[in-house]
Amino acid sequence: PPYQRNMLQLIGIVKVTNAIAIFLPIFTEGAYEPSSCAAPRAQWVAPFRGSVAYEWSLCCGQHWVLAAISSVFFVGMTFGSVLGGIAADSIGRRNVIIHGISINAVSLFLTAVVPDVLTYTFFRFVMGVASMAILVAVYSLAVEWVPAGWRCPLIAFLSMLFAAGELSLVPMALAVEHLISFGWRPLTLAAGLICTIPVLAFWFIPESPQWLHARGRDKEAIDALSRAANYNARSCQTGNFALVADRLSTFGLAQRHEATSDSKKDRPSPIDIFTQVLLSVKIYALALMWFTGSLTYYGITLAAAETSKSLGLNAFATLSACIEIPAALLAAWMLEQVSFGRKLSVSMLFTLGGTCAMAMPFTGPLAGPAVVVLGKFFFTAATTGLFVYTTELYEASIRGSCLGLCSLAAKIGAIGAPYTVMFLSTNQMMLVFGSFALLAALACRLVLPETLETKRCNAEHPSTSKGVHYGTCSA
């Protein structure tokens, strides 16, 4: 429908700009090493592209500071995983996104004018918190505005837009270099300007009707659904949530259909979240899978960069981003196949990625880079599938918190990735990655249920009985 299509286009803009903020350090935090550390700084040869390492002398035994800056950013994303999920369930998905993109844009502007590395690191931490909170809220909002049958194409679409944001850094950097300078500050200012675009556009996006209904705000949920129906040239009666939701289910707005009084009664408390999530073995299997996906994705990206230095920064950044697009398409196709489903698809992708990682130490110097990139391809596809799988395992009222916990596990993996690359040889690192990937695949097969058929059952029977949780189907 046109209403959902326009909304997803605006959400796509948020994804693109968020990717720009996350991957900007590829061009601004490049390592630098002078020809002689004993030489005075005035004799150092400036690098082709300016970076914080050259400006603040993060070289000659100070390279660990660059790694620390990256780790602090991922620590911020870790806080954002938890805070973003809690905030998305408390104040709404839309409010988290609007505040998050505003904080991101302001932080980029301030980062471009900071006088020292400590202040720079602080704003990178703030950007990490905001960026991850945006990702958690965006996925929750997008999933709750589309039908169950659209989830796989939706996640693939959002993943490709994230890759497009990473890819757009290459022409943006080239344009700034040719029009302004090769310094990292003008590039950061340009990124800040671009990230302000969705701030204005996103005021036109409505809140999730599922979240409004779960919070007992049925009148606002009805208004949001009615606006969507009117925009889509379909009239509907207002005043009855179940009737409106039933009529709009043909547009793909799959809703929970409890009465208003029951929705208030079923609103989850912190105790409910503890018993339904933290005491369930599912969340720990998912945490292992998210941890592995993030650890291997960032770790293999760093390893691929080391084995592909001859390509140059622009060429490698382009290849790294482009490989994620077919990976998202593969994940979307596999997840919708009855013969694969969610469970087998995710476990198979982890197995294939782990096999590539385990095989890398036994390949030659020519085949090694290809195996590394192929491993990233499978791990990216597995991570894309995880977003779909996780959202279908939990109901709307606690979905944000569950995504936040899973993202927390992912960010712990991201924090550990640079240090894994630093302290282990390439062969040891790949063996570790392969072992985690095979363990994650095993956990998926043994612990998690299949959600493809229950999702289809919910789509065919949208008015389920009272008390049925999202992602389950009664007989």
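Ser57 lies in the loop between α3 (52–55) and α4. The model discussed here is a predicted one.

Student: Is Ser57 buried or exposed, or does it fall in between?
Tutor: Buried means under 20% relative accessible area and exposed means over 50%, with partly exposed in between. Because the relative accessibility of Ser57 is 27%, the residue counts as partly exposed.

Student: Which class of accessibility does His63 in helix α4 belong to?
Tutor: His63 has its place in helix α4, which covers residues 63–90, and leaving aside neighbours within four places in sequence, His63 is in contact with Tyr32, Glu33 and Leu58. The C-alpha atoms of His63 and Ala53, ten residues apart along the chain, are separated by 8.2 Å. Since its relative accessibility is 34%, His63 counts as partly exposed.

Student: How many helices and how many strands does the protein have?
Tutor: Helices are counted here as runs of at least four residues and strands as runs of at least two. On that basis the secondary structure of the protein comes to 22 helices and zero strands.

Student: What share of the contacts with a separation of 6 or more is between residues 24 or more positions apart?
Tutor: The protein has 475 residues, of which 54% are buried, and its accessible surface comes to about 18900 Å², with 69% of that belonging to carbon and sulfur atoms. Among the contacts with a separation of 6 or more, the share held by residues 24 or more positions apart is 79%.

Student: Why does Arg124 count as buried?
Tutor: Arg124 is found in helix α6, and beyond residues up to four places away in sequence it touches Ala21, Ile22, Pro25, Glu29, Ile69 and Phe73. Thr111 stands 13 residues away along the chain, with a C-alpha separation from Arg124 of 7.6 Å. Arg124 counts as buried because its relative accessible area is 3%, and the cut-off for that class is under 20%.

Student: What is the relative accessibility of Val138, which also lies in helix α6?
Tutor: Val138 touches Ile11, Val14, Lys15 and Ile97, not counting residues up to four places away in sequence. Leu158, 20 residues apart from Val138 in sequence, is 9.3 Å from it in space, C-alpha to C-alpha. Val138 counts as buried, with a relative accessibility of 0%.

Student: What is the volume of the largest cavity?
Tutor: The structure holds seven cavities of 30 Å³ or more. For the largest cavity, the volume is about 460 Å³.

Student: Which helix gives the most to the lining of the largest cavity?
Tutor: The largest cavity is lined by 26 residues, of which Phe162, Tyr297, Tyr298, Thr383 and Phe387 lie nearest its centre. At least two lining residues come from each of α1 (2–23), α6 (117–144), α7 (151–179), α15 (281–307), α17 (324–336), α19 (367–393) and α20 (396–423). The helix that gives the most, with six residues, is α15.

Student: How many residues of the lining of the largest cavity are nonpolar?
Tutor: The lining residues divide into three classes, of which the charged one has three members and the polar one has seven. The nonpolar residues number 16.

Student: Which helix has the lowest mean pLDDT among the elements of the protein?
Tutor: The mean pLDDT of the protein is 76, and 79% of its residues reach 70 or more. Among the elements, helix α18 (residues 341–359) has the highest mean, 91, whereas the lowest, 42, belongs to helix α13 (residues 260–265).

Student: How many contacts beyond four places in sequence does the model have for residues 235–241?
Tutor: Over residues 235–241 the pLDDT stays under 50, and the contacts of this stretch in the model should be read alongside that value. The number of contacts beyond four places in sequence is 21.

Note on methods: Residues numbered from 1 in each chain as written. Predicted model: local features only at pLDDT ≥ 70, side-chain atom pairs only at ≥ 80, totals over all residues. Heavy atoms only, no water. 1 Å grid on protein atoms, 1.4 Å probe; cavity = no way out; pocket = protein on both sides within 12 Å on 5 of 7 lines; lining within 4 Å. Points joined across faces, edges and corners; volume = space filled by probe spheres on them. Nonpolar A, V, L, I, M, F, W, Y, C, P; charged D, E, K, R; others polar. pLDDT = per-residue confidence, 0-100. Contact = heavy atoms within 4.5 Å. Buried < 20%, exposed > 50% of the residue type's maximum accessible area, 1.4 Å probe, protein only. Areas by Shrake-Rupley, 256 points an atom, 1.4 Å probe, with all protein chains shown as cover.
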